[in-house]
Amino acid sequence: METLIHADIFFLITSIVVVFFAIVVLVALYYVIHILRSVRYVVDKIRSESDHVSEDIAQLRGQIKERGLKFGTIFRTLAAFSIGKVGTRRRRMSDKQSK
């Protein structure tokens with residue numbers, strides 16, 4: 001009779017643990033599904049933005065082919081880029097010296 005009571009207690013405890021783990025797994029799956037939906041949204045956003053970028057690049061290539069790339073435009077762009085960098089460096093150096 002005593003072994004029957006031990007078996008009942010064992011099955012009761014085992015049932016409670018199985019139910020507890022099932023609840024934990026369900027909660028974890030809920031969060032995993034939520035994260036996967038967020039990742040899907042981000043991937044879709046990246047895909048649509050990359051399509052826009054590729055359209056812009058195609059449009060830029062078309063304009064370059066149509067009008068040609070002028071040397072003055074390239075020179076002004078590079079000059080503005082390099083002057084902007086030098087100006088930034090000078091300001092940083094003067095900021096460091098004033099401190």
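Select Val-24 to begin: with a relative accessible area of 40%, this residue is partly exposed. The model on display is predicted. Val-24 belongs to helix H1, which covers residues 2–67.

Now turn to the aromatic rings, which form three pairs. Colouring by accessibility, one finds Phe-11 exposed, at a relative accessible area of 51%. Because the threshold for exposed is over 50%, the value of 51% places Phe-11 in that class.

Move on to Tyr-30 and Tyr-31. Their ring centres are 5.5 Å apart and their planes stand at 75 degrees, so this pair is also edge-to-face. Tyr-30 is exposed, with 56% relative accessibility.

Finally, select Arg-47 and Asp-44. How many salt bridges does the structure hold? There is one, and it joins the side chains of these two residues, with an N to O distance of 3.2 Å. Arg-47 and Asp-44 are three residues apart in helix H1, so about one helical turn separates them. Both partners may be inspected for solvent accessibility: Arg-47 is partly exposed at 48%, and Asp-44 is partly exposed at 39%.

Definitions and conventions: Residues are numbered from 1 along each chain as its sequence is written. This is a predicted model: local features need pLDDT of at least 70, side-chain atom pairs count only at pLDDT 80 or more; totals for chains, interfaces and linings use all residues. Side-chain values use heavy atoms; hydrogens and water are left out. Rings of Phe, Tyr and Trp (its six-membered ring) pair if their centres lie within 6.5 Å; planes under 30 degrees apart count as stacked, over 60 as edge-to-face and the rest as tilted. Buried means under 20% relative accessible area, exposed over 50%, partly exposed in between (1.4 Å probe, protein chains only). Helices (H or I, at least four residues) and strands (E, at least two) are DSSP runs, numbered from the N terminus. A salt bridge is a side-chain nitrogen of Lys or Arg within 4 Å of a carboxyl oxygen of Asp or Glu.
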